[in-house]
Amino acid sequence: MKIPITKPIFDEHEKDLLVKPLESGWLVQGPYVKEFEKLFSIFTGAKYSCTTSNCTTALHLALEALGICHGDKVIIPSFTYIASANAVEYTGAEAIFCDIDLRTFNINIDDLSNLLEKDRSGSIKAIMPVNLFGLCSNLPKIIELAKHYNLKIVEDSACGLGSYIGDQHSGTFGDIGCFSFHPRKLITTGEGGMLTTEDESLLNKFICLKDHGASKSDLQRHQEKGGSLLPEFNVRGFNYRMTDMQGALGVAQMNKLSFILEGRRRIAAKYDIALENSPLLTPIVPKNYKHSYQSYVCLYNKSLDLDNLTLDKINELNIKRNQLMSDLENVGISVRQGTHAVHTLGFYKNKYDFSDNTFLKSYTADRLSITLPLYANMTDAEFDYVISNINNLIS
Ligand SMILES: Cc1ncc(COP(=O)(O)O)c(C=O)c1O
């Protein structure tokens, strides 16, 4: 049996809508992009949603729109996809890493508070909490700290669609939320991203900056008299626009989102039960949080004392974790490490002279996390195959 790490879910609806922009001839930022943005706002409760070419460009635009630039610093968790850090560095600002909480894989609030308290530079301008794997960070606490230190919040909600604290959707807590529609995410447009905000002036900046800095959109120009004259360009912008083919896919995918979320939560609950007595530490969901299970990420293994981590112990378990992942691959089951400890990756390690244990919890998550396959339409037979192989290999 071959079990992928995840699977996008498409049917005739995607195929039908995908050809519509080809038929109308409106290929970029047309009616399907508009419709996708509308559906996204309805689902998340965000006042404004604005598409981008992917989430990395959304993160970059968010920081640009907030005026983050050279000389500024932005705090990000050290366990995240490299794109979070890269987006900060694109602006000329410095990415300041903060360690995580191994129980949630999200930014550690005590470490964050210490970092802010000790900073005397005055150049920290924003926090970028990452709602990793479909679980919100402790956003109420982060908002408190941001208010106290007068900082902006850009939520990296690349994995956060369908994640909540109470009834509030991920990406709507901070000044700006950024989402990804890469195929590893709950819904996909191939490549694709979305910005959310409550602030109309930020929305207007997104619209201008993602379109080369144009003072007017193509649609506005087409609808006005004198459309033959090109718009003004008073700011340095980018081309971060979404195509209408991606928008059409997004519209079709939004119709499946409830089914996808329900399916992923159902399979995750089955994993929780089936792995209860296994050595894997399954995802922990704090009270009042709703996980979307963009990824089902476990920690190898329960014998690890999370409050007394040592490099020796982590490296010893890492060899066994890697063996387990390779054995699962050999029987056709795709697994992955959760994501990266960014401070251990060449560019950041060399630029800021980090060592592995500079952020030990992130290093642990990098070396000991294991993502299990999960997709909404995973069959019982596929699920049982994964569990029986894990049990066999671990015993
Ligand atoms: C936490 C996080 N941030 C940012 C990104 C970048 O998203 P995209 O691939 O849409 O640029 C990803 C993608 O996997 C991610 O996981």
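Helices (H or I, at least four residues) and strands (E, at least two) are DSSP runs, numbered from the N terminus. The model is predicted: local features need pLDDT of at least 70, side-chain atom pairs count only at pLDDT 80 or more, and totals for chains, interfaces and linings use all residues. Residue numbers start from 1 along each chain as its sequence is written.

Helix α8 spans residues 200-209, and its buried residues are Leu202, Lys205, Phe206, Cys208 and Leu209. A residue counts as buried if 20 or more other C-beta atoms lie within 10 Å of its own, as exposed if 12 or fewer do, and as partly exposed in between, with C-beta atoms placed from the backbone.

Strand β11 is largely enclosed by the rest of the structure, because five of its five residues are buried. Ile176, Cys178 and Ser180 point one way from β11, whereas Gly177 and Phe179 point the other way.

Ala95 lies in strand β4 (residues 94-98). Ala95 is buried because 22 other C-beta atoms lie within 10 Å. Leaving aside residues up to four places away in sequence, Ala95 touches Val74, Ile76, Ala85, Val88 and Glu89. Ala95 and Leu151 are 56 residues apart in sequence, and their C-alpha atoms are 15 Å apart in space.

The ligand is surrounded by 14 residues, of which the closest are Cys55, Thr56, Tyr81, Ala158 and Ser180. A residue belongs near the molecule if its C-beta atom, placed from the backbone, lies within 6 Å of it. Helices α4 (55-65) and α5 (82-90) each give two or more residues to this shell. By class, the shell holds six nonpolar, seven polar and one charged residue. Ala, Val, Leu, Ile, Met, Phe, Trp, Tyr, Cys and Pro count as nonpolar, Asp, Glu, Lys and Arg as charged, and the others, Gly among them, as polar.

The protein is divided into domain 1 (12-254) and domain 2 (257-394), with bounds from an automatic or database domain assignment. The C-alpha centres of the two domains lie 26 Å apart. Across the boundary, 31 residues of domain 1 are in contact with 31 residues of domain 2. On the domain 1 side, two or more residues each come from β3 (79-80), α5, β9 (164-165) and α10 (244-254). This side has 19 nonpolar, nine polar and three charged residues.

An open sheet of three strands has the order β13-β15-β17 and antiparallel pairing. β13 (280-281) and β17 (369-372) are its edge strands, and each pairs on one side only. Four bridges join β15 (residues 296-300) to β17. Tyr296 stands opposite Leu372 in β17. Helix α12 (residues 311-330) lies across β15 and β17 and runs at about 135 degrees to β15. Axes are lines fitted to C-alpha atoms, for helices over the stretch in contact, and angles run from 0 to 180 degrees between N-to-C directions.

Definitions and conventions: Contact = placed C-beta atoms within 7 Å. Pairing = 2+ DSSP bridges.
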